[in-house]
Amino acid sequence: MASPPPSPRSENISGEQNGSDLIQKTDEIHRETLPNLPTGKGWMTEHLVQYQGFWFSPNGLKNLMWLHDHFNPRPTDIFLASFPKAGTTWLKALVFATVNRTRHGFSDHPLLTNNPHVCFPFLDAYLHEKDPSFLDLDGSTTPRLLSTHIPYALLPDSMTANRSCRFVYIYRDPKDVLVSKWHFLSKRRPQELPPFSLEEAFELFCRGISHNGPFWDHVLGYWKASLELPEKILFLKYEDLKEEPFGAVKRIGEFLGFPFSLEEEREGVVEDIVKLCSFENLSSLEVNRTSVHKFSADSLVDNRHFFRKGIVGDSNNYLTAEMIKRLDEITSHKFFGPGLLFHNS
């Protein structure tokens, strides 16, 4: 795999060089790199670019470069990683509530008045802002909870080499990911672009051309890393969380260093967290029905779009038998060789 473009941090930067110089340097590298990359049709933007085997929007690539150039992880950081539309919003709520259960009561919990993405921000969605708001992370409560869609192979060494940082990764049946992603990005597609059909999304998804795709390479990257570093990466399946959320929450707490005591279990704390973070509860809250979340200056999303159905197997209502067969065959081929078993729904 080719090395990333040179980072401003790798240069001998004088003390006189300020934040705006670093911003300009990253932007210059992005502008120089972008025209030389392969392109593919975009789902929400006009096109995507392929960078080191994965696909990004032009701004998404800049976010990646910013992450490499400007983010300093802490040993106590907790990262939630996922392919887009794999259950990210739900898992954010569960992890936030688990880690912070002694700080907040369930009657006035932050998740009752804030979207989970506010409580658990996307690291790679903020760093490209000209206003260096990412510096606010320095004042965040420990442990910092940060999420990313970036493939494991493209994360900066500062995040992957630090054995103290913890990652929780969630993956999901690619058929449901495809349909959920198509619905979500279709709502965000600019009106000046022509409509984007499910058939188009299906063909591109099968070829790996989607944000942070190919899906299978994304999953395998984190899965293989979890086998090598089981103390660093917890690998979860969305369908297992749906089937047994109580056990999953206890497992998450144990892995992250926040195990539930016997007294907490007797008092029903795990059940309270699962109930608070349930799709039915979160989707019914005023903040998630009427408010808008700002990922960046030019990226606003209605909170209600994060809560469509949250069920397993909804793709059966949209995909043809031929589509289902093809996706299942690709998944079997991609996962069977390395040894990742996935039972199709």
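Helices here are DSSP runs of H or I with at least four residues, and strands are runs of E with at least two, numbered from the N terminus. With that in hand, on to the loops of this predicted model.

Asn 212 is found in the loop between H8 and H9. Its phi is near 70°, a positive value in a residue other than glycine. The cut-off for buried is under 20% relative accessible area, so Asn 212, at 10%, counts as buried.

That loop, between helix H8 (198-206) and helix H9 (215-228), is also the place of Pro 214. A cis peptide bond joins Gly 213 and Pro 214, with omega about 10°.

Where does Gln 52 sit? Look in the loop between strand S2 (47-51) and strand S3 (54-56). Gln 52 isn't glycine either, yet its phi is positive, near 50°. Gln 52 has a relative accessible area of 18%, so it is buried.

| Residue | Phi | Relative accessible area |
|---|---|---|
| Gln 52 | near 50° | 18% |
| Asn 212 | near 70° | 10% |

Now for a helix. H2 covers residues 58-70, and at 1.5 Å a residue its 13 residues should span 18 Å. The end C-alpha atoms are 18 Å apart, so the model agrees with that expectation.

How much of H2 is covered? Mostly: ten of its 13 residues are buried. Among them are Leu 61, Leu 64, Met 65, Trp 66 and Leu 67, but also Lys 62, Asp 69 and His 70.

Terms used. Residues numbered from 1 in each chain as written. Predicted model: local features only at pLDDT ≥ 70, side-chain atom pairs only at ≥ 80, totals over all residues. Heavy atoms only, no water. Expected span 1.5 Å × (residues − 1). Buried < 20%, exposed > 50% of the residue type's maximum accessible area, 1.4 Å probe, protein only.
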